[in-house]
Amino acid sequence: MSEAWTTAHIPDQHGRVAVVTGANTGLGFETAKALAERGASVVLAVRDIEKGERAAARMSGEVTVQALDLTSLDSVRAAARALRCRYDRLDLLINNAGVMYTPKRKTADGFEMQFGTNHLGHFALTGLLLDLMLPVSGSRVVTVSSTGHRIRAAIHFDDLQWERSYGRAGAYGQSKLANLMFTYELQRRLASHGTTVAVAAHPGLSSTELVRNSPAAVRLPLTWLAPLITQTAAMGALPTLRAATDPAVLGGQYYGPGGRLQIKGHPQLVTSSAQSYETAVQQRLWAVSEDLTGVTFPVARSQQNPSPSGPAIAS
């Protein structure tokens with residue numbers, strides 16, 4: 001597709017069920033709104049029910065709200081149970097919610113806040129809902145990463161919870177790198193099923209509330225320069241929406257803005273950092289994540305295949 005991809009390209013979504021985490025504001029709100037407008041039954045999975053209800057009231061179509069606090073595995077399990085009682089199938093799970101550059105804090109389960117929220121919470125939620133997706137042809141798990149996965153990022157297996165020292169940017173980078181590694185490893189495990197695929201996306205530099213925890217030295221310049229270097233949340237949601245709905249999307253792909261440095265622009269197929277494709281690290285992270293969350297997936301173990309160099313980008 002040579003023309004710029006927009007919400008006008010979203011196919012009809014009637015009959016499909018989509019769960020979007022963190023959908024009461026920003027990228028999640030725009031993602032959920034667009035899916036509902038195209039006919040999907042959309043669940044806003046949010047920590048604050050009142051904010052979720054207010055967001056739902058601003059959307060057209062069939063939109064409901066489900067309590068979900070990704071900082072608590074008890075809440076993740078409760079949300080999964082509630083969704084399983086309500087639905088017998090799930091077409092889209094969009095792992096969108098996230099925190100960025102938070103001060104050093106822990107989740108209810110003792111995990112570093114960014115790693116626990118952005119990666120482990122979504123890892124657990126996906127594992128607990130995946131069997132609702134496996135029988136559904138064309139179902140997708142879309143996980144939102146960030147260009148931050150390239151910044152001071154590594155999976156620190158010797159100190160995943162940043163107990164020895166803490167850096168906001170490094171912890172965020174680790175969580176966003178984990179999002180990508182989770183997607184690629186999940187796709188490897190899903191490949192033999194032939195129904196569900198795992199895809200990743202990133203919003204570029206979008207004007208949302210995510211930067212509210214950034215140090216003033218970062219937050220203030222972004223605020224001043226926002227009109228020049230950022231795009232709207234609606235534009236930032238397009239890579240996620242394309243990953244979720246474009247019929248041409250393949251499992252294991254990564255979508256982001258097509259402009260310079262992937263900062264803004266219409267969504268295109270992009271590549272992630274070289275380390276994000278390291279199969280052995282992906283598989284080790286998977287095993288650690290299962291141990292930490294107590295969640296195992298209803299898909300086969302992946303094979304020890306050589307690490308891919310990344311997907312080719314169509315011209």
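Two strands count as paired if DSSP finds at least two bridges between them. Strands (E, at least two residues) and helices (H or I, at least four) are DSSP runs, numbered from the N terminus.

The model here is predicted, so local features need pLDDT of at least 70 and side-chain atom pairs pLDDT 80 or more, while totals for chains, interfaces and linings use all residues. Residues are numbered from 1 along each chain as its sequence is written, and side-chain values use heavy atoms, with hydrogens and water left out.

**Exercise 1.** Find the partners of strand S1 (residues 17-21) and the residues opposite Val19.

*Solution.* Take S2 (residues 41-46) to begin with: S1 pairs with S2 in parallel over 5 bridges, and Val19 faces Val43 there. Then turn to S4, also parallel to S1 and joined to S1 by 3 bridges; here Val19 sits opposite Leu93.

**Exercise 2.** Is S1 enclosed or open, and what covers its faces?

*Solution.* Call a residue buried under 20% relative accessible area, exposed over 50% and partly exposed in between (1.4 Å probe, protein chains only). By that test 5 of the 5 residues of S1 are buried, so the strand is largely enclosed by the rest of the structure.
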